[in-house]
Amino acid sequence: MKILLIKTIGFTLLLPGMVAGVTPWLISTSAELGSVYSIFFGLFLMCLGGAIYGWCAWDFVSVGKGTPAPIDAPKHLVVRGLYHYTRNPMYVGVLLFISGWVSLYTMPVMLVYWLGVASLFQILVLFYEEPILQELFGAEYKSYCASVKRWLPSVTS
């Protein structure tokens, strides 16, 4: 499990770290911060998004016996924790983190960046992840999809 944690940390720094951290930071380097309220709200969203991502990454390692990286994906379908409410909580966490940047700087370009990342996530999920998960986990994944929504949390599951 130690190796999986190291791989997960490495992947997180490389991809989600670039998408949710470095790129928005580079976009915002010349911008002024918003109001005190937007700063606190932005930091709250970043903390919430980071916590969601971390929880999901832990579930991938501990339950799924894999990492968030597609080349070392979980060997078991993860349906516990936040995956009980939405099929893509890790992406939701990243989008919440980027939403924090949007709130911090209230720049139109940051909102456009958020929309671009959200669109890429939708395309990735629809045309890559879901077909692969269907192939790997068959009826178990089909049943999971029937009971848990793709993006918006379902509190009735």
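Predicted model: local features only at pLDDT ≥ 70, side-chain atom pairs only at ≥ 80, totals over all residues.

**Stop 1: the largest pocket**

Begin by selecting F60, P68, P70, Y91 and E129, which of the 36 lining residues are the closest to the centre of the largest pocket. The space around you there has a volume of about 880 Å³.

Now colour the helices that build the lining. Helix 2 (16–28), helix 3 (36–62), helix 4 (89–105) and helix 5 (108–147) each give at least two residues to it. Which helix supplies the largest share of this lining? Select helix 5: 14 of the lining residues come from there.

**Stop 2**

Next, select T12, P16, G17, G50 and Y53. Among the 18 residues lining the second largest pocket, these are the closest to its centre. This pocket holds about 290 Å³ of space.

Helix 1 (2–14) joins in here: helix 1, helix 2, helix 3 and helix 4 each contribute at least two lining residues. Helix 3 gives the largest share, with 6 residues. Colour this lining by class too, and you will see 10 nonpolar and 8 polar residues, with no charged residues.

**Stop 3: helix 3 against helix 4**

Hide everything except helix 3 and helix 4, and look along the pair. Their axes lie 7 Å apart, and the two helices pack at an angle of about 165°. Are they roughly parallel or antiparallel to each other? An angle over 145 degrees counts as roughly antiparallel, so that is how helix 3 and helix 4 are arranged. The crossing of helix 3 with helix 4 is left-handed. Show the side chains in the contact between helix 3 and helix 4, and by class you get 18 nonpolar, 8 polar and no charged residues.

**Stop 4: helix 2 against helix 5**

Turn the view to check the hand of the crossing of helix 2 and helix 5: it is right-handed.

**Stop 5**

Side chains of opposite charge can pair when their charged atoms come close. D59 and R80 form a salt bridge, with 2.8 Å between the closest N and O atoms. D59 sits in helix 3 and R80 in the loop between helix 3 and helix 4, so this pair, 21 residues apart, links distant parts of the chain. A search of the whole structure finds 5 salt bridges.

Conventions
Residues numbered from 1 in each chain as written. Heavy atoms only, no water. 1 Å grid on protein atoms, 1.4 Å probe; cavity = no way out; pocket = protein on both sides within 12 Å on 5 of 7 lines; lining within 4 Å. Points joined across faces, edges and corners; volume = space filled by probe spheres on them. Helix = DSSP H or I, 4+ residues; strand = E, 2+ residues; numbered from the N terminus. Nonpolar A, V, L, I, M, F, W, Y, C, P; charged D, E, K, R; others polar. Axes fitted to C-alpha atoms, helices over the stretch in contact; angles between N-to-C directions. Parallel < 35°, antiparallel > 145°, perpendicular 65-115°, else oblique. Left-handed = near helix turned anticlockwise from the far one by under 90°. Salt bridge = Lys/Arg side-chain N within 4 Å of Asp/Glu carboxyl O.
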